Amino acid sequence: MNLAVQYKIKNNPNLYKYLRENSHWYKALNRDPFNITLLDTEMKKKYQLSTSDKISKVASQIKLIKSFMDIVK
């Protein structure tokens, strides 16, 4: 595996965890190091770390706070 790919995996704990859970990616990364972008995208989908997931999480928290404030009134 390419050293740059190994460095990126070791510095990202979520990526490292996902790679350990889905070992078929080792073969893909050995064959083509540019697959790291696909691995990163798939990891973000699984762990809900994409921008849209973060926005929806904040929106649900705001909704929860609003409903709490309505109850307190």
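The model is a predicted one. In it, helix α2 and helix α4 cross at roughly 95°, and a search of the whole structure finds three salt bridges.

**How α2 and α4 meet**

- Two packed helices are described by the angle between their axes and the distance between the axes.
- Helix α2 covers residues 13-21 and helix α4 covers residues 36-47; their axes come within 10 Å of each other.
- Angles of 65 to 115 degrees count as roughly perpendicular, and α2 and α4 are therefore roughly perpendicular to each other.
- On the α2 side, the contact is made by Asn 14, Leu 15, Lys 17, Tyr 18, Leu 19 and Glu 21.
- On the α4 side, the residues making the contact are Ile 36, Leu 39, Asp 40, Glu 42, Met 43, Lys 46 and Tyr 47.
- Sorted by class, this contact has seven nonpolar, one polar and five charged residues.

- Side chains of opposite charge can pair when their charged atoms come close.

- Lys 44 pairs with Asp 40 in a salt bridge whose closest N and O atoms are 3.7 Å apart.
- Both residues lie in helix α4, four residues apart, which is about one turn of the helix.
- Lys 44 is partly exposed, with a relative accessible area of 34%.
- Asp 40 has a relative accessible area of 15%, so this residue is buried; the limit for buried is under 20%.
- Asp 40 is also one of the α4 residues that make the contact with α2.

- Lys 66 forms a salt bridge with Asp 70, and here the closest N and O atoms are 3.5 Å apart.
- Helix α5 spans residues 51-72, and because Lys 66 and Asp 70 are four residues apart in this helix, about one helical turn separates them.
- Lys 66 is exposed, with a relative accessible area of 52%, whereas Asp 70 counts as partly exposed at 44%.

Notes:
Residues are numbered from 1 along each chain as its sequence is written. This is a predicted model: local features need pLDDT of at least 70, side-chain atom pairs count only at pLDDT 80 or more; totals for chains, interfaces and linings use all residues. Side-chain values use heavy atoms; hydrogens and water are left out. Axes are lines fitted to C-alpha atoms, for helices over the stretch in contact, and angles run from 0 to 180 degrees between N-to-C directions. Helices (H or I, at least four residues) and strands (E, at least two) are DSSP runs, numbered from the N terminus. Angles under 35 degrees count as roughly parallel, over 145 as roughly antiparallel, 65 to 115 as roughly perpendicular and the rest as oblique. Contact means heavy atoms within 4.5 Å. Ala, Val, Leu, Ile, Met, Phe, Trp, Tyr, Cys and Pro count as nonpolar, Asp, Glu, Lys and Arg as charged, and the others, Gly among them, as polar. A salt bridge is a side-chain nitrogen of Lys or Arg within 4 Å of a carboxyl oxygen of Asp or Glu. Buried means under 20% relative accessible area, exposed over 50%, partly exposed in between (1.4 Å probe, protein chains only).
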